[in-house]
Structure formats: C-alpha cells, structure tokens
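Me: I have a structure open here and would like to talk through how it is packed inside. Could we take it one piece at a time?

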Amino acid sequence: MATNGADQQNQAGRHQEVGHKSLLQSDALYQYILETSVYPREPESMKELREVTAKHPWNIMTTSADEGQFLNMLLKLINAKNTMEIGVFTGYSLLATALAIPDDGKILAMDINRENYDLGRPIIEKAGVAHKIDFREGPALPVLDQLVEDKNHGSYDFIFVDADKDNYINYHKRLIDLVKVGGLIGYDNTLWNGSVVAPPDAPLRKYVRYYRDFVLELNKALAADPRIEICMLPVGDGITLCRRIK
C-alpha cells in the first residue's frame, strides 16, 4: 500500500526526533538485523555497557550495536594490534576494539570527558581488557601533534574517529601520517543523520545542521585524497573507511 506524504513526513520526523542510529528506512528491518545477527553474538560485557549507556542522557552519542559488531570483525580481519580511538564516550566501540585485538595489543584512547568513560571503565576492567587501553583526557590535536613530532609515522594499524566533526579535517591531516601504509582510518557519522542529502529547508536539529557542512567538507576531501582508498558504508550513522596506500 502506498504511503502518503504526511505519513512519510511523520516517519522521517520520528526517526529524527529519537536520533535514529540506523539509516535504514524500516525500523522493523533494523530490529531484524539486531535480533538476528547482532544481539545473539554480542559479548556479555558489550551488552552490559550498551545497557548502561542507554540510561545516559546523551546515549545517542554511542556507537550502535551493529557498528560495534562490524568494527570488532574488521579489526580481526586486518589483524590490528596497535590502534587509536578519538572520541570514546562511555567506551562501547573502545570495548569492541579491546576485545578484538590480541592480549598485547594497545589502544591510545582520547576524549575530553573522562566522566563518561568512567561509566564504562568498570565493565571494561571486568572484561579483562583494560590493560590494553591508554586513556588520555583532553583535546586530541595536541597529542597527535606530539606523536607526529616524535616520528611515530606509520605506527598504527587502525584508527577510529568519532568526535568533534569540525575537527575531522584537522585530524585527517595528522592521522594520515600516523597510520601505516595498508592500515585503516574509520571516520564515523559521515552520513550525519542523512542530512548530507537534506534540502536547505529541511527541519534538522540545531547540532545536525551546524556540523553538516563540516561532514560534507570531510567527505569531499576524502574522496579527492590520492593517499587513500575509501569505502563509505551505511552502517550506524555512516562510516567511511580509509586505507592508506602511500
């Protein structure tokens, strides 16, 4: 049965209002993916952290469960050992990474708010992977500049960025030197609630509208960067994988 314009607007508005983390048009289809593929295989520690994070007033900032599963498998496929994460929140994607890399693997994790990370840290410790994490509270750019200055070129297998969108371009300028040739950088939220194709008069949340131009700028820059191969995936809120080739 055809859906009229009012119904379409209501559905779009509902997705927007709840901060929908999936770009699928059907809630039922997304729920099917979660219940069939994600939740049955989700480690108990990740489930516990997901449920704790759901009670946080800013829970929309967390990595979605299907994206967490994707990252966990991706890290195993590329045999990542030395990784970095910019933007941690309560640590769901961080835990997915820590569970995927070997016992002697390392994650340099940066976030401006340690309080949020401290919500998830007891669960990460209980999972037995806290020793892999070097958490730094504060802005990431000074840390990245120091890493570049100290000649840590090509020392990271995988880098995941889910932080301030207005700095993504600045991060990329530094991360391209820090990731190894053949390594991956993952930029989260590159479809930004679908707003990248929204008309100028679309009813967007203020923060979505504010950061949209920065996301569009990043997407354009990544597409034109000859140092990487890219793949943009409609997982979660959109993730662009960048493989350094030179």
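Me: Which residues in the largest nonpolar core touch the most other members?

Reply: Bearing in mind that this is a predicted model, the largest nonpolar core has 32 residues, and those touching the most other members are L94, Y117, I124, I133 and F158.

Me: And what gives the most to this core?

Reply: That is helix α5, which contributes six residues to the core.

Me: Take I133, then: what is it in contact with, leaving aside neighbours within four places in sequence?

Reply: With those neighbours set aside, I133 is in contact with L94, A98, I107, A109, Y117 and I124.

Me: What other core lies apart from it?

Reply: There is another core of 25 residues, lying apart from the largest one, and its members include A140, V143, L175 and L178.

Me: Switching to helices, at what angle do α3 and α5 pack?

Reply: Helix α3, residues 44-54, packs with helix α5, residues 92-100, at an angle of about 175 degrees, and their axes are 10 Å apart. Because angles over 145 degrees count as roughly antiparallel, α3 is roughly antiparallel to α5.

Me: Which residues make the contact?

Reply: From α3 they are S45, M46, L49 and R50, while α5 brings Y92, L95, A96 and L99; sorted by class, the contact has six nonpolar residues, one polar and one charged.

Me: Last one, α8: which of its residues are buried, and where do they fall around the axis?

Reply: In α8, which covers residues 168-178, the buried residues are Y168, Y171, H172, L175, I176 and L178. Viewed down the axis of α8, these buried residues fall within an arc of 150 degrees, so they line one face of the helix.

Methods. Residues numbered from 1 in each chain as written. Predicted model: local features only at pLDDT ≥ 70, side-chain atom pairs only at ≥ 80, totals over all residues. Heavy atoms only, no water. Axes fitted to C-alpha atoms, helices over the stretch in contact; angles between N-to-C directions. Helix = DSSP H or I, 4+ residues; strand = E, 2+ residues; numbered from the N terminus. Parallel < 35°, antiparallel > 145°, perpendicular 65-115°, else oblique. Contact = heavy atoms within 4.5 Å. Nonpolar A, V, L, I, M, F, W, Y, C, P; charged D, E, K, R; others polar. Core = buried A, V, L, I, M, F, W, Y, C linked by side-chain atoms within 4.5 Å. Buried < 20%, exposed > 50% of the residue type's maximum accessible area, 1.4 Å probe, protein only. Arc of directions from axis to C-beta.
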